[in-house]
Amino acid sequence: MVVKKICMMGAFAVGKTSLVRRFVHSIFSESYQTTIGVMISKKKLTLAEQEFELIIWDLEGRDEFTDFRSSYLRGVSGVIFVVDVTRPHTLTVVRQLREEVRNHIGEIPALILLNKADLADQWRLDAATLELLEDEGCTLLHTSAKTGANVEEGFLALLRSMTA
Amino acid sequence: MGMLVLECKPGPVFTALNRIPDWFLQIHSAPLGADSVLDVAAIFPFIAHFIEDAEVFWRNPVEARLGSGIWTELDEQGNQHQLEAYALQYQNSRILLLVDLTASFDARHHVYQRAREIALAQERLVMSLQRQQRKLQLQIQGLLARDESLHAIAERVRQHASAVMVCRPDGSVELLNQALMDIYPVSGNNGTRAEHSLLKQWVNEAEALYPEIHRVIETGASWEGEFESSAGSDKKWVRLLIGPVLDQEQRVTHLVCVANDISGLREPAIELERVTDYDFTTQLPNRRHFWRVLTRAIDECRASGEKLVLLYLDVDHFKRINDSLDHQAGDLLLGTLSSRLRSNIKKTDFIAHLGGDEFALMLRTSQRTLDLLPVAERLLKVVRQPLVVDGHNVSITASLGIACFPEHGNDAVGLMKRADLAMYHAKQRGRDQHLMFSRSLDEAFFNRTVIQKDLGNALSGGELRLVYQPQICLGANSFLRLEALLRWHHPVRGLISPAVFVPVAEESDLINQIGNWVLEEACRQARQFMDRNIQVVMSVNVSARQLRAGDFVQRVQQVLADTGLDPSQLELEVTETTLLDNMETRAESLQQLQELGVSIALDDFGSGFSSLNYLKNLPVDRLKIDQVFIQEIPHDEESKTITASVVKLAHELHMTVVAEGVETWDQLRFLQGIGCDYVQGFLLFRPLPPEEIGAVFASLASLRFDS
């Protein structure tokens, strides 16, 4: 079994923990429960007949009260950045985090999940910024922890790029 | 015990230094390796990554400790455990502490949750504001583009909640509304000097956060952002949108500025709350947090009819214990104590570290009567359990005050005061005990307050005086030894016992003023006796506060010079407890006094912490055996043995001995028999006014006790 560490990063309340819970335990709750520090979950997956164990580090949401701890990135194989499509500020946070990750460990497989995609009527993200990210080579994927849309696909896409 | 202490040896290999806590076994139940070795990196992937940082820290520990940050683990039953690791360097050992924060995590999580919910709500408000500002700006732009008159536009925005200013590209104002004037102290709407500079002010202020603002505006694009802005003498956070109006040649004719005061959304209170809610040393809620919880709990109990019990715990002699350990060991002691207390209360109870050596516990119950005795006993018992800190066995005790809502206080302040008062009285009664608040304590407290107030006037009002009790030499000595004793004649209450007012004075600076007066008066009186050919040695009691004052030796020197008393005729009495708070420094002061020629007596010997070991290192000329031992002579064999031993030891150390509280002839004979040098007590003389001392001296000239 190959063990891979991945980190979930993003602003607070974008749905990082909900995505992990949906992926690992297939459950979802509407209520927002903030994460303090790091929540570690494990999930076994098979990809191309190879067994993997993903150690998922769900990092506390980034806000003005939280310091960036580069040590959390030690040994990471891939990063999932999460954006809340109803909050444009969360995209700014992800762009900053992406830069910080690059500065600390260089280029590694990463994916941006545009979460809460089920709230299409409240979409507030700037299309130009998203285009810019795509131009920079970022993989963007619309997800919904609530409906489960693209959640498993997101984790698998990251795993594929980590093992490519 | 919430903490697992591990020592890291090269490898790295981790060895448990304490008993493996239950929470750890719930997460990882596999048996320990040989010699208590734990592979923590394999058990906790989180730690595996932290160890690299810890290794760097251990090589060069620039700070007291390095924290890992909190992480959450699931145990084998699926329960969450919130943990944090700390790397420490302790006496060249590399220590890794694993702390289980689960017990206090709910309260901490609640604060974070609340803070982020508020931040989220504020973020949504700002987004909503942004939409409104854009809509308004587009409306005004549209009106200007259709050549609508400025007057008509001004009318439309006059009462708008958002501040509006329309200006020329050079900043000259075309119109502004009331909301803008509410934020900024500008007047009129015809381009006064202040209005003219507002655009420039905004641009300058925003530039620090948005360096591109000049370029954006000059190129005729819209700009929006949030920044801190000066509004008269105030600073406000403003959300500003600046939109250009272009003519057919795409030149900027006007700028439409829409602003809102968002200061309320940027309150730093949430951050403060997060930073200041928990105490690092104990991982317990701090005083501020406790105060909030107590206030809320009282409100809830008032509504529900529940009873609330507040226990206020203070470690006895903590300062002395803490001073004898190094800083980290003191912290470790408090951390251990908090773990013990926490594990001895119910999950629904609340405990906080109020600071220093003070803890507060809050219990709620729906029972009308609650037997608090077992709870209080249990808490004091866990405090008493021996601890090994810094390689030393440390014994600690605590005093506990209890107050109940609603009987003893109807609000948080009242209840805390009563619990604190009860704790104070528990200490007064000898420490290591608990005491429930009662009205009599309030009365005692009131009395103390009155005494303290009146004592302040007693000195200037001439209500204090000295009396002198002779100490009789059982051998041959021509000098009469006198102990100066303080008396207070209160104008209303009459004679107040020193046992009542001296402890009150000792709690404040009054004891310094009074002590200095006693020293001066006793020396002055001794000099007068000498002038009358009455050979005396005057003994004066010195308080801990006086001795702690940096200039005490100089003061004694000055008094001797002022009164003309020979230093050999002054003796200063100190108690063991006076010395114990800083033995080395106090001994230095005593040495300096001895070098002046003043003699030193150690008062109440045997009553306190009597360590014979330190006696040989102290510059002491005389020991005064505590009267407790003398009073039990001749019936109590143990007291007789102790007294005889003290006399023998003192003589071996070249000290003389005074026995105080001598009241019977049997006691006198015994003391004479064991070679005690001086006796003092009512059997011989009560404390006397100065005018009677002459007669005493004359009568003693012919009296001998050695026959």
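# Reading the two chains, term by term

User: How many aromatic pairs does the count come to over all chains?

Analyst: The count comes to 13 aromatic pairs over all chains. Please keep in mind that this is a predicted model.

User: Why is the pair of Trp57(A) and Phe46(B) called stacked?

Analyst: Let's take the two values in turn. The ring centres of Trp57(A) and Phe46(B) are 5.3 Å apart, and a pair needs centres within 6.5 Å. Their planes stand at 20°, and planes under 30 degrees apart count as stacked. The pair is therefore stacked. It also crosses between chains: Trp57(A) is in strand S3 (residues 50-59) of chain A, and Phe46(B) is in helix H3 of chain B.

User: What makes Asp53(B) and Arg74(A) a salt bridge?

Analyst: The closest N and O atoms of Asp53(B) and Arg74(A) are 2.6 Å apart. The cut-off is 4 Å, so the pair qualifies. Between chain B and chain A the count is two salt bridges, and there are nine residue pairs in polar contact.

User: Which elements of chain B give two or more residues to the side that touches chain A?

Analyst: They are helix H3 (45-59), strand S4 (65-74), helix H4 (102-145) and helix H9 (269-276) of chain B. H4(B) gives the most, with 14 residues. By type, that side of chain B has eleven nonpolar, eight polar and ten charged residues.

User: How many residues are in contact, and how much area is buried between chain B and chain A?

Analyst: On each side the number is given: 29 residues of chain B are in contact with 29 residues of chain A. The buried area is about 2600 Å², with carbon and sulfur atoms giving 57% of it. In chain B, the residues that lose the most area to chain A are His49(B), Arg116(B) and Glu123(B), together 25% of what that side buries.

User: How do you know that strand S2 of chain A pairs with S4(B)?

Analyst: Two bridges join S2 (residues 38-47) of chain A to S4(B). At least two bridges are needed, so the strands pair. They run parallel, and Val38(A) has Trp71(B) as its bridge partner in S4(B).

User: What makes S6 of chain A and S3 of chain B edge strands?

Analyst: Both belong to an open sheet of twelve strands with mixed pairing. Its order is S6(A)-S5(A)-S4(A)-S1(A)-S3(A)-S2(A)-S4(B)-S5(B)-S6(B)-S1(B)-S2(B)-S3(B). Strand S6 (140-142) of chain A and strand S3 (37-38) of chain B each pair on one side only. For S6(A), three parallel bridges join it to strand S5 (residues 110-115) of chain A, and Leu141(A) in S6(A) stands opposite Leu113(A).

User: Why is Glu483(B) with Lys624(B) counted as a salt bridge, and where are the two residues?

Analyst: The closest N and O atoms of Glu483(B) and Lys624(B) are 2.9 Å apart, and the limit is 4 Å, so the pair counts. Glu483(B) is in strand S20 (residues 480-490) and Lys624(B) in strand S25 (residues 622-625) of chain B, so named by their DSSP runs, and the two residues are 141 residues apart. Over all chains, the count comes to 35 salt bridges.

User: Which backbone feature does Ala13(A) have, and where does Ala13(A) lie?

Analyst: Most residues other than glycine have a negative phi. Ala13(A) has a positive phi of about 65° although it is not a glycine. Ala13(A) lies in the loop between strand S1 (2-10) and helix H1 (16-25) of chain A.

Note on methods
Residues are numbered from 1 along each chain as its sequence is written. Chains are lettered from A and ligands numbered from 1 in the order in which they are written. This is a predicted model: local features need pLDDT of at least 70, side-chain atom pairs count only at pLDDT 80 or more; totals for chains, interfaces and linings use all residues. Side-chain values use heavy atoms; hydrogens and water are left out. Helices (H or I, at least four residues) and strands (E, at least two) are DSSP runs, numbered from the N terminus. Contact means heavy atoms within 4.5 Å. Buried area is the accessible area (1.4 Å probe) that two parts lose on being put together, summed over both. A salt bridge is a side-chain nitrogen of Lys or Arg within 4 Å of a carboxyl oxygen of Asp or Glu. A polar contact is a pair of N or O atoms within 3.5 Å; within protein, one must be able to donate a hydrogen and the other to accept it, and residues adjacent in sequence count only if both atoms are side-chain atoms. Ala, Val, Leu, Ile, Met, Phe, Trp, Tyr, Cys and Pro count as nonpolar, Asp, Glu, Lys and Arg as charged, and the others, Gly among them, as polar. Rings of Phe, Tyr and Trp (its six-membered ring) pair if their centres lie within 6.5 Å; planes under 30 degrees apart count as stacked, over 60 as edge-to-face and the rest as tilted.
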